[in-house]
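Please look at the structure below before reading on.

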Amino acid sequence: MALVRSLLGAKKILGRSVTAASTSKRAASAAPKGFLAVYVGESQKKRYVVPISYLTQPSFQALLSKSEEEFGFDHPMGGLTIPCPEDIFINVTSRLQ
């Protein structure tokens, strides 16, 4: 049941972020089907394209929760922004592959 709530929460975050991204200039460089573009970093943001299967992973959901706490649903890059150091993001996602 907790997993279902986590997934619904992740879908809610992404749904609103994707809506915002579709109205931004960055929508022209959309991610391929089955993938999600995210912006990672603390001061300077770098774009990463990750598989949507990451959304079911607890460690990635923790990053999404951090994003929600920091930005709510108003992401400065026009897409989902994850406010963590790039090396931590790479470390977390490299374990998911």
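In this predicted model, Tyr-39 stands opposite Arg-47 in strand E2, and opposite Thr-81 in strand E3. The model is a prediction, in which local features need pLDDT of at least 70 and side-chain atom pairs count only at pLDDT 80 or more, while totals for chains, interfaces and linings use all residues. Residues are numbered from 1 along each chain as its sequence is written, and side-chain values use heavy atoms, with hydrogens and water left out.

Strands are DSSP runs of at least two residues and helices (H or I) are runs of at least four, both numbered from the N terminus. Two strands pair if DSSP finds at least two bridges between them. The pairings of E1 (residues 35-40) are listed here.

| Partner of E1 | Sense | Bridges |
|---|---|---|
| E2 (residues 46-51) | antiparallel | six |
| E3 (residues 80-82) | parallel | three |

Val-40 has Ile-82 of E3 as its bridge partner. E1 and E2 form a hairpin with five residues between them, and Gly-41 in this turn has a positive phi of about 140°.

The three strands make an open sheet in the order E2-E1-E3, with mixed pairing. E2 and E3 are at the edges, each with a single partner strand, so one side of each lacks a neighbour in the sheet. Neighbouring strands are turned by 40° against each other on average, direction ignored. Axes are lines fitted to C-alpha atoms, for helices over the stretch in contact, and angles run from 0 to 180 degrees between N-to-C directions.

Helix H3 (residues 86-94) packs on the sheet and touches E1, E2 and E3, where contact means heavy atoms within 4.5 Å. The direction of H3 makes about 10° with that of E2.

Technical notes
Buried < 20%, exposed > 50% of the residue type's maximum accessible area, 1.4 Å probe, protein only.
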